[in-house]
Amino acid sequence: MVPIRDNNPTSITPYVTYGLIAANVLAFLYEASLPPQQLDAFFHLAAIVPRELSASFAGIPVNQPVPEWATLITSQFLHGGLLHLGGNMLFLWIFGNNVEDRLGHFKFLFFYLACGVLAGLAQWVFSQGSSIPSLGASGAIAGVMGAYIIRFPTAEVLTLIPLGFYFPAVRLPAFYFLGFWFLQQAAYGVASLETRTNIGMESGGIAYWAHAGGFVFGAILGPLLGLFKDDSQQEYL
């Protein structure tokens, strides 16, 4: 399912959401400027390499100029291709502005980065010996979606549903759209523990545990930061 837009207006200009989208696009343009060998080296430097992160946590030097813990943040701005980038930015564009509206700009930025870090750690728990770089904004955006579903469960999301060559557009409550997305990520995450297929990071696939973990952390962290405050109590700094 592909979201097009929601019917959930905001009362502010979501500068942080726009800034995050711009930062991700600029980072991708830099990636696109690198030849393949340099790009691979860049990913091993700035993306999460679980085996190196495990070594770092154990106090073993990994001989990288960037501290391994820092890749929990830098990896959030890297993408493996145009579709990867476009899909993530579409979801951030649709759902990020409303969460930023409720939390305020600075809290939303902290929330977004924290969800990305926690999502990266969730994936690391299940792939501690992997040498495959993990990258993308998906974990942080999953956190945004987790906050959105508990704050705006009845907001309608205009959604394209591909049925062969037919793409009907239907309006779905956020609870169903995002709830289905979460259950799908969790199911694939469990499947990745049982089989060695193209499901999961070990085979160079999708980091489903980062998605599911980010979603859960977003649903927990959002209320702690004021997601349910009254409008009169909102801070827009």
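User: Leaving aside its neighbours within four places in sequence, which residues is phenylalanine 77 in contact with?

Analyst: This is a predicted model, and the contacts are read from its atoms. Beyond its sequence neighbours, phenylalanine 77 is in contact with Leu20, Ala23, Asn24, Ala27, Glu31 and Leu113. Phenylalanine 77 itself sits in the loop between helix 4 (71–74) and helix 5. Its C-alpha atom is 9.0 Å from that of alanine 47, and 30 residues separate the two in sequence.

User: What are the elements of the chain, and how do they run from the N terminus on?

Analyst: The order is β-α-α-α-α-α-α-α-β-β-α-α. That gives nine helices and three strands in the chain.

User: Of the contacts with a separation of 6 or more, what share is accounted for by residues 24 or more positions apart?

Analyst: The share is 78%. Proline 9 gives one case. This proline is in the loop between strand 1 (2–6) and helix 1, and apart from neighbours within four places in sequence it is in contact with Asn98 and Asp101. Proline 9 and aspartate 101 are 92 residues apart along the chain, with 9.5 Å between their C-alpha atoms.

User: Does proline 9 count as buried or exposed?

Analyst: Proline 9 counts as exposed, because its relative accessibility is 68% and the cut-off for exposed is over 50%.

User: And glutamine 185, buried or exposed?

Analyst: Glutamine 185 counts as buried, because its relative accessibility is 5%, where buried means under 20%. This glutamine belongs to helix 8. Its contacts, leaving aside neighbours within four places in sequence, are with Tyr208, His211 and Ala212. From C-alpha to C-alpha, glutamine 185 and phenylalanine 215 are 9.7 Å apart, with a sequence separation of 30 residues.

User: What percentage of the chain's residues count as buried?

Analyst: Of the 237 residues, 47% count as buried. As for the surface, the chain exposes about 11,700 Å², and 67% of that is supplied by carbon and sulfur atoms.

User: How should I read a nonpolar core, and which residues of the largest one touch the most other members?

Analyst: In soluble globular proteins, nonpolar side chains tend to be buried together. Here the largest nonpolar core has 39 residues, and Phe95, Val99, Phe111 and Leu178 touch the most other members. At least two residues of this core come from each of helix 1 (15–32), helix 5 (82–103), helix 6 (105–125), helix 7 (138–151), helix 8 (174–194) and helix 9 (208–224). Another core lies apart from it, with seven residues, including Leu34, Phe43, Ala46 and Leu78.

User: Which residues does leucine 178 touch, not counting those up to four places away in sequence?

Analyst: Leucine 178 touches Phe95, Met145, Tyr148, Ile149 and Phe215.

User: How is a pocket found, and what volume has the largest pocket?

Analyst: Rolling a probe the size of a water molecule over the atoms shows where empty space is left. In this model the largest pocket has a volume of about 1,000 Å³. Its lining is made up of 39 residues, and those nearest its centre are His84, Asn88, Ser138, Ile206 and His211. Helix 5, helix 6, helix 7, helix 8 and helix 9 each give two or more residues to the lining.

User: How many residues of each class does the lining of the largest pocket have?

Analyst: The lining has 22 nonpolar and 17 polar residues, with no charged ones.

User: Where does phenylalanine 167 lie, and what does it touch?

Analyst: Phenylalanine 167 is in the loop between strand 2 (156–160) and strand 3 (169–173). Not counting residues up to four places away in sequence, phenylalanine 167 touches Leu160, Ile161 and Pro162. Methionine 1 is 166 residues from phenylalanine 167 in sequence, yet their C-alpha atoms are 9.7 Å apart.

Definitions and conventions. Residues numbered from 1 in each chain as written. Predicted model: local features only at pLDDT ≥ 70, side-chain atom pairs only at ≥ 80, totals over all residues. Heavy atoms only, no water. Core = buried A, V, L, I, M, F, W, Y, C linked by side-chain atoms within 4.5 Å. Buried < 20%, exposed > 50% of the residue type's maximum accessible area, 1.4 Å probe, protein only. Helix = DSSP H or I, 4+ residues; strand = E, 2+ residues; numbered from the N terminus. Contact = heavy atoms within 4.5 Å. Areas by Shrake-Rupley, 256 points an atom, 1.4 Å probe, with all protein chains shown as cover. 1 Å grid on protein atoms, 1.4 Å probe; cavity = no way out; pocket = protein on both sides within 12 Å on 5 of 7 lines; lining within 4 Å. Points joined across faces, edges and corners; volume = space filled by probe spheres on them. Nonpolar A, V, L, I, M, F, W, Y, C, P; charged D, E, K, R; others polar.
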